[in-house]
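I opened this model to look up side-chain contacts. My notes follow.

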Amino acid sequence: MSRTFMTRAVRLLPVALLMLAGVTSIQAHHSFAAQYDNSKPVNMTGALTKLEWTNPHVYIYIDVTDATTKKVTNWAFEMGPPHMLQKSGWKKNALKTGEMLTIDGWLARDGSNSANARRVTRQTTGEVMGAASSAGLTLTGSAGGQ
């Protein structure tokens, strides 16, 4: 092999690695349909336990008490990205731990205690905060244009 070929190869290797890393991160970001089932809507009420304000999605966690068994289960709800939620009026510290919320969304396909949130309603004020990240829905939780 010529010295010129080796020099080019060494120069192009970092570029190729960066391109490969970009493809990997794109594939890691899931589609709504792959993770959530839009034929399984869910409506749950519970106390806020945690709010993770991170990219690419904000996650909200609530403790939901089963009406029959009284068993408490922690549920995770994926929401839109922080910048979209901020544009719709969300603030990182608007909700307080222990606050009662009702969340509408769609169950995860894997049967875990997780779902994709469409709408979050504060029980104390009735304020509705959109949360949708997918499925062609607006951040107010309604179908686009409605």
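I count a charge as sitting over a ring if NZ of Lys or CZ of Arg is within 6 Å of the ring centre and within 35 degrees of the ring normal. With that in hand, I noted that Lys-50 lies over the face of Tyr-61, 4.7 Å from the ring centre. The model is predicted.

Entry on aromatic rings. I found one aromatic pair in the structure. It consists of Trp-75 and Phe-77, with 6.5 Å centre to centre and 35° between the planes, and is listed as tilted. I then looked up burial: Trp-75 is buried at 13% relative accessible area, and Phe-77 is buried at 0%.

Entry on salt bridges. My search of the whole structure gave five. Asp-37 counts as buried at 11% relative accessibility, whereas Arg-109 is partly exposed at 48%.

Next I took Glu-99 and Arg-122, which form a salt bridge of 2.6 Å, N to O. This pair links distant parts of the chain, with Glu-99 in the loop between α3 and β4 and Arg-122 in strand β5, 23 residues apart. Both Glu-99 and Arg-122 are buried.

Which residues join Arg-122 in one network? Arg-122 also meets Glu-127 in a salt bridge of 3.2 Å, N to O. Shared partners therefore join Glu-99, Arg-122 and Glu-127 into one network. I noted Glu-127 as partly exposed, at 36% relative accessible area, and Arg-122 as buried at 16%.

How values were computed:
Residues are numbered from 1 along each chain as its sequence is written. This is a predicted model: local features need pLDDT of at least 70, side-chain atom pairs count only at pLDDT 80 or more; totals for chains, interfaces and linings use all residues. Side-chain values use heavy atoms; hydrogens and water are left out. Rings of Phe, Tyr and Trp (its six-membered ring) pair if their centres lie within 6.5 Å; planes under 30 degrees apart count as stacked, over 60 as edge-to-face and the rest as tilted. Buried means under 20% relative accessible area, exposed over 50%, partly exposed in between (1.4 Å probe, protein chains only). A salt bridge is a side-chain nitrogen of Lys or Arg within 4 Å of a carboxyl oxygen of Asp or Glu. Helices (H or I, at least four residues) and strands (E, at least two) are DSSP runs, numbered from the N terminus.
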